[in-house]
Amino acid sequence: MAVPQLTIEHVQAIIPSATDIQAVERCGQKIVFSGIIDGKKYALKFMAPNPTHAGDQDRESLDDVTSRAQREVETMQQCSTPHLVSMGPIGLSTADIAGNPIIYFSEEFVEGQNLYTYLQSSGVFSVAELVRLALHISEAVKSIWQFAKIHRDIKPGNIMRRDINGDFVLLDMGLVFDLQDEPLSVCPVGTPYYFSPEQMDFANRRAVMNFRSDLFSLGTVLYEMATGCHPFTQGAASTWDVLGNIANVIPLPPSTLRPELPEKLSNIILRLLAKRPALRYRSIDLFQRAVAEVETDGGV
Amino acid sequence: MSVLAQCGYGRGRKIEQGFHDDVMHGVILSPRDERRDRLEEAVHQWCPSHPQALVMFDPQFYAANLNNPRDGHLSEYDYYNNNSGLGRTHFSGTRIQRYVRECLDYQHQTFGRNVAYLISPTVLFDAFRDSWSQIALNMAVESADYHRDLSSPQPLLISLVISETAFQTMDAVEEFLDALTEIDTQGFYIIIRRNSSSVNNAMESGPFGRFMYFCHVLTTINEYNVIVGYSDWHSFLLQAAGVTHTATGWYQNLRQFSLARFQPSRGGRRPRKRYSSAPLLSCPLVTPELQDIYLADLLPGVLSRSTYDAIIRNGPAAGEAGWTDETACLAHWHSLNSLSEHVSARPTQKARIEEAEHLMHNALTLYNQLSSQNVSFDPSTGPDHIYEWQDSLQEFRALSGL
């Protein structure tokens with residue numbers, strides 16, 4: 001399904017209460033605007049559903065775009081942590097633009113910089129920032145996992161650092177995998193460079209995926225933010241090569257690329273990147289405790 | 001780590017004496033082997049007098065899916081008696097819920113805080129990918145779920161009874177670990193079912209090395225407590241791998257688990273008396289082996305340095321009559337405990353592994369020294385099992401990267 005062709009005028013017509021509407025980005029199946037509602041800035045997300053089923057609220061008969069949007073909204077409504085983007089005042093709604101159905105909702109507009117942009121411009125994070133990043137994003141993963149859900153798309157482009165306080169926020173729950181609900185995908189989804197090994201085992205995803213898959217993706221992000229290098233692109237000429245490396249290659253310890261990195265933090269990142277989930281952390285609390293020890297050991 | 005008493009038939013005064021002599025630090029009770037009223041009474045007596053002791057009740061539910069088991073007093077327990085003779089079809093979700101509920105409720109309501117852990121029911125399985133292993137996993141998950149809803153229960157150990165042959169394939173071990181480490185529980189009580197019940201028959205090096213790795217992933221990596229039941233001399237290696245406690249008993253069938261324990265007895269002679277030698281990592285026969293060592297003037301190097309040594313120090317043959325089953329059992333616990341202390345005194349896992357290597361090296365040196373003095377040993381005494389362990393440790397080191 002194509003990204004809906006919308007202008008600021010269209011958005012204004014759909015949400016008359018919004019002011020100062022601006023185009024933000026087109027990504028995946030969405031087009032995103034920002035707008036002020038009741039004095040606060042929000043992200044306004046629009047998607048084009050399958051017209052056959054638009055407006056039908058029975059999930060079993062919904063198209064995948066609407067189902068995903070519904071799951072994204074439901075997840076934001078369930079979770080409550082400052083490290084996960086929150087829902088705005090407009091829930092999942094439908095509209096019609098020139099005979100084309102549109103679905104849309106609003107979410108918190110996070111003022112800040114995403115880590116992809118940061119990596120391009122400023123390079124690596126300090127140890128203190130890495131510790132904060134690990135604690136904040138794992139908190140977001142924990143919040144989602146409470147509801148037996150997995151984010152599945154943790155990557156630098158989906159993590160923002162808030163300008164206001166430096167907190168990290170995980171965005172975009174459009175690919176959330178719900179272990180307790182019907183599957184919405186017919187093939188692997190997410191960003192291959194940040195896949196976990198078990199994310200490739202699509203046929204068995206219900207049996208093999210859990211929050212430890214998200215911890216692996218977080219490990220890849222931490223590795224990049226610690227060293228400036230992706231752990232699995234060495235010698236890779238294609239996405240398939242990267243996937244092969246994710247499945248088979250044990251990356252160099254981050255401390256070998258950045259010697260001033262505390263050994264403990266380097267080991268934690270490497271452990272997140274273990275091929276088998278059993279070799280990562282069995283709970284997010286254990287992971288957070290290990291990260292907090294880097295802080296108390298004076299590594300920060 | 002410390003050694004626990006693996007109870008069986010003929011408990012006598014061994015437990016009380018073991019606590020008194022400080023040679024073991026807990027008990028795993030066997031409902032198959034003693035009357036229910038006596039077992040319950042013992043638990044209620046031990047707790048006030050030994051508050052630090054780890055007392056546990058192995059429900060032995062796994063006997064319920066054996067073919068015509070010799071299950072002794074197990075039929076006195078409703079959680080077992082209602083459910084004996086179970087086949088694959090008797091493990092639907094609803095039935096598993098009932099088995100778990102009955103088994104955990106019995107322990108929780110009967111023993112309360114007098115046991116250190118509640119132990120979940122399980123079934124025996126031969127391979128990590130067979131249908132019984134899936135049933136065992138379902139029972140484990142159900143147990144953790146049910147335990148969560150109990151009112152102020154003691155912590156839960158998930159029990160597993162696994163055939164040694166299951167550790168032939170590493171892929172399957174890893175898959176099972178992935179599933180097991182999803183369970184939110186305090187730890188695991190693991191029994192390895194041996195193919196043979198013969199004395200001192202070391203597990204093959206590959207499977208045992210993989211079992212060490214299995215324990216390492218559960219304990220060191222995932223911070224579960226792991227208690228390995230029906231263990232013996234190899235306990236010090238399991239400790240080097242990270243195991244929290246091991247349990248061993250007074251008869252051979254309480255030191256390595258085989259299905260013979262649940263099959264009709266074939267009778268046989270009374271076993272010959274053996275001495276537990278920590279330096280040799282084995283149990284030489286009091287006569288002639290220990291006597292020959294004494295005559296070669298090498299006895300001090302073989303003794304485990306316990307108070308029980310006084311009985312045989314001045315001549316094993318002369319002291320044999322005083323070397324009772326109870327003394328042999330206490331001396332065995334003492335020897336295993338002293339090895340555990342050696343290993344656990346090391347500050348890191350790497351150092352503990354090196355200490356285990358050191359103990360094996362010293363034992364082999366001692367065997368060579370004895371051999372040079374024409375002391376010969378029955379194959380069941382050693383030292384072949386040590387070579388097997390050395391290979392196991394290499395396998396473990398390769399897998400764990402330690």
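User: Two strands pair if DSSP finds at least two bridges between them. In what order do the 5 strands of the open sheet in chain A stand?
Analyst: This is a predicted model: local features need pLDDT of at least 70, side-chain atom pairs 80 or more, and totals for chains, interfaces and linings use all residues. Residues are numbered from 1 along each chain; chains are lettered from A and ligands numbered from 1 as written. In chain A, 5 strands (DSSP E runs of at least two residues) form an open sheet with antiparallel pairing. The order is β1-β2-β3-β5-β4.

User: Which strands of chain A stand at the edges of this sheet?
Analyst: An edge strand here has a single partner strand, so one side of it is left without a neighbour in the sheet. In chain A, that describes β1 (19-27) and β4 (93-97).

User: Over how many bridges do β3 and β5 of chain A pair?
Analyst: Strand β3 of chain A covers residues 40-47, and strand β5 of chain A covers 100-108. They run in the antiparallel sense. Their pairing spans 6 bridges.

User: How far apart do the C-alpha centres of the two domains of chain B lie?
Analyst: Chain B is divided into domain 1 (2-262) and domain 2 (286-400). These bounds come from an automatic or database assignment. Between the two C-alpha centres, the distance is 27 Å.

User: Which element gives the largest share of the side of domain 1 of chain B that touches domain 2 of chain B?
Analyst: Contact means C-beta atoms, placed from the backbone, within 7 Å. By that test, 33 residues of domain 1 of chain B meet 31 residues of domain 2 of chain B. On the domain 1 side, β1 (2-6), α1 (14-21), α7 (205-221) and α8 (235-241) of chain B each supply at least two residues. The largest share, 9 residues, comes from α7(B).

User: Which element of chain B gives the largest share of the side that touches chain A?
Analyst: In this interface, 9 residues of chain B are in contact with 7 residues of chain A. Two helices (DSSP H or I runs of at least four residues), α6 (170-180) and α7 of chain B, each supply at least two residues of the chain B side. The largest share is 3 residues, from α6(B).

Key. Two residues are in contact if their C-beta atoms, placed from the backbone, lie within 7 Å.
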